[in-house]
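Subject: Structure handover

Hello,

I am passing on the structure we spoke about, together with notes on what came out of it. Please look through it before you read the notes.

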Amino acid sequence: MKKHLLLAASGLALCASAANAEMNFNRIASFATPGNMAEGEDHARPTSAEIIGASEDGMTLVYSDSPLGVIGLIDITDPKNPVAKGNIDMGGEPTSVTVIGNTAFVSVNTSESYVKPSGKLVSVNLADGSITGTCDLGGQPDSTAHSDAGDLVVIAIENERDEDLGDGRVGQMPAGFMVTVGVNDEALVCDSLKNIDVTGLAEIAPEDPEPEFVDINSLGEIAVTMQENNHIVIINANGEVIGDFSAGSVDLTNIDTKDERAALTFDQSQPGRLREPDGLQWLDDSHLMIANEGDMDGGSRSVTVFHKDGTMVFESGADFEHPIIQAGHYPDKRSDAKGVEPEGMEVATFGDTTYAFILGERASTVSVYDVTDAANPVFKQLLPSGIAPEGAIAIPERNLFATANEADLIEDGGVRAHVMLYELQDAPAQYPTLTSEGMDELTGWGAISGMVADEDGMIYAVNDSFYGYQPTIFKIDPTSKPAKIVDAIRVVRANGDAAQKLDMEGITLDGKGGFWVASEGRTDRVTPHAIYNVNAKGEIKKEIGLPAELLNVETRFGFEGITKVGDTLWMPVQREWKDDAKHSVKLVAYNLETEEWGAVSYPLATPDTGWVGLSDLAAHGDYFYVIERDNQIGANAKIKKIYRIPASEMVPAPLGSELPVVSKEEVRDLIPDLKSFGGYVVDKVEGLAITKDGEIFVSTDNDGVDDSSGETFFWSIGKM
């Protein structure tokens, strides 16, 4: 599935770059898998992009789509503008795909049940979509790979277990095995099919091997992981087992193992954690790398390099997670399981550098390592991917790399499954845009909401209730590239305990070295609508609840920001409350001296789908600036804008009276900005800060990497 060598043109292009060039992979495009459905099909059906391959000329991508039972094709002649080429029915559930020349070889699961597994290998001409051959595999297939010579396809026949039986453990019959099938001029030679027995090798359930991921080196040697068995097997070109060894275990330290805490605390450990590898790739003819996702008993959250004789030469341990944590992609709700879950992999050589791309399934990331020295991998950069990346393919002759991301959240109104493309460029890394790298303590973060700029140009941001046991004010240096979190101020009550029952959505300076924080209430969760005065140490010094006039008409969609002008605090309400006219919301005022409440009315845009509301508010000069956005994501997103309101119109009327309606003027449509990051348009633009000299910074909320890609975009739109 990988291409190790560059074509001459690509090699010349890379060599032409200066020796000190800053080469980085940057995302350049994304493709939503529903785009491959034909006209008239039900586009609301779930789709997926799981395992991905590329034609020999690198102009066509092909991916397996299990929910639809198809493979999807994408024309990437112009990689920045991928074009749908349609779906091809596989007559079953495609589990993997590998490409030789212009022919895709697709493993297809046709099993009647767990105890009656079956499958087939199908060859497909990518030029016209025709099926050119089919071989019966005799079991349920998982991954596939092909030899460098293009004369052999190897398939892992997993015959996976029923996780509802026997406490979900191996062994369960029938046992898995390996299959090789010969290929002649891209045509399947089914008569050459060979079954390879891998029973009796592993210490764990030797009678029931479950081959998972397979790869072939240039010597024709096959390496395969048996994930549940925590074992690796080496098979020669003749189909003979020539080596096998346990994947072993790792003593993990400095990890988070408690998801129920709604806090990121990396001070726990897991001794003797079984690796249980999923993805596997040869780095050269002697070394292989595994991605230790885990399944039954383990998951060491790491990557490991073994010599093919079973000698371990590199183990990342928990270090694999650290750049992911620092970039805000750590999936806290998976802490008690397997953390970021490294799963799929790809290895390829670009110029003189061999890279390993390791997919973090739960973090929705790609960790890029320089593995030119196989025994000493060096982390290079972290890339954002779609939700739950499953497969990857490198096209080094075009300086390209692509991921297939399997999660489709259509049933929950979320984003669709995507294929994403990246290019190796002589340019700075575009992502991450915000990081805690460089802090003295490993600091995780996420769900960034409201922001405010200080006089010195530093920006303060709050996290929301996703981290209810760890409410935090983050200090950000926006002059760094990426912007850097330089301090994390934990918000606490008088007794020093974390201030629970907060949903911090807005922050502003109090003029005395501390802050005012707006908390969006939710009555059904006993979280009050309130504003809080917090000192520089994070201690809550004062709480101001809402008056009866507001509480009597409140809904769960409360304050989404806060700013201070003179003695008055202003808080935008996200959506209509019970007494608001349709498509209008309050900007609520509270005078700190007189303790009087008031409000003005703000007119919202009328959405075609879903709802529109406000997300943050900042005052600067003669205007108040507000983020107005819809709750739509991807292609459905239409309204992500900054508007300004004349300060002269911000004259509050008493609550309960007829409120004056302010005017608004569009300052910036943020959708082009969001598209410039190469992915889909995210829904939650939630942070707005304006520096003393008028530079505007914007940020997005990543929902704590829960049903989210985890991407946070923090950027400047320049000065007003």
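The model is a predicted one, and every value here was computed from it.

Pockets

The largest pocket has a volume of about 1,500 Å³. Its lining consists of 49 residues, and those nearest the centre are Asp-464, Arg-525, Arg-556, Lys-684 and Asp-703. By type, the lining of the largest pocket splits into 22 charged, 14 polar and 13 nonpolar residues.

The second largest pocket holds about 760 Å³ of space. It is lined by 36 residues, with Asp-142, Glu-158, Glu-160, Glu-212 and Glu-390 closest to its centre. Here the lining divides into 21 charged, 9 polar and 6 nonpolar residues. Four strands each give at least two residues to the lining of the second largest pocket: E6 (93-100), E10 (141-146), E14 (211-216) and E24 (342-350). The largest share, 4 residues, is that of E6.

Disulfide

How many disulfides does the structure hold? There is 1, and it joins Cys-135 to Cys-190 with an S to S distance of 1.9 Å. Cys-135 belongs to strand E9 (residues 131-136) and Cys-190 to strand E13 (residues 187-196), so the bond ties together parts that are 55 residues apart in sequence. The torsion about the S-S bond is about -90°, which makes the disulfide left-handed. The two cysteines fall into separate accessibility classes: Cys-135 is buried at 1% relative accessibility, while Cys-190 is partly exposed at 30%.

Single residues

Thr-60 is in strand E3, which covers residues 60-65. Is Thr-60 buried or exposed? Thr-60 counts as buried because its relative accessibility is 8%, and the cut-off for buried is under 20%. The side chain of Thr-60 makes a polar contact of 3.4 Å with the side chain of Lys-85.

Glu-711 sits in the loop between strand E50 (695-700) and strand E51 (714-719). With a relative accessibility of 4%, Glu-711 is buried. Which residue does the side chain of Glu-711 meet in a polar contact? The partner is the side chain of Arg-27, at 2.7 Å. Beyond four places in sequence, Glu-711 is in contact with Arg-27, His-329, Pro-384, Ser-385, Tyr-431, Thr-700 and Asn-702.

Ala-394 is part of strand E28 (residues 389-395). Its relative accessibility is 0%, so Ala-394 counts as buried. Leu-409 is 15 residues from Ala-394 along the chain, and the C-alpha atoms of the two are separated by 26 Å.

Backbone

One runs from Met-173 to Pro-174, with omega near 5°. Pro-174 is placed in the loop between strand E11 (152-157) and strand E12 (177-184). Another cis peptide bond joins Lys-481 and Pro-482, where omega is about 0°. Pro-482 lies in the loop between strand E34 (472-477) and strand E35 (483-490).

Ala-205 has a phi of about 45° and is located in the loop between E13 and E14. At 12% relative accessibility, Ala-205 is buried. Asp-703 has a positive phi of about 60°. This residue was named above among those nearest the centre of the largest pocket. Asp-703 lies in the loop between E50 and E51, and at 23% relative accessibility Asp-703 is partly exposed. Glu-711 is placed in that loop too.

That covers the notes. Please write back with any questions.

Regards

Terms used. Residues numbered from 1 in each chain as written. Predicted model: local features only at pLDDT ≥ 70, side-chain atom pairs only at ≥ 80, totals over all residues. Heavy atoms only, no water. 1 Å grid on protein atoms, 1.4 Å probe; cavity = no way out; pocket = protein on both sides within 12 Å on 5 of 7 lines; lining within 4 Å. Points joined across faces, edges and corners; volume = space filled by probe spheres on them. Nonpolar A, V, L, I, M, F, W, Y, C, P; charged D, E, K, R; others polar. Buried < 20%, exposed > 50% of the residue type's maximum accessible area, 1.4 Å probe, protein only. Polar contact = N/O pair within 3.5 Å; in protein donor to acceptor, adjacent residues only side chain to side chain. Disulfide = S-S within 2.5 Å. Contact = heavy atoms within 4.5 Å.
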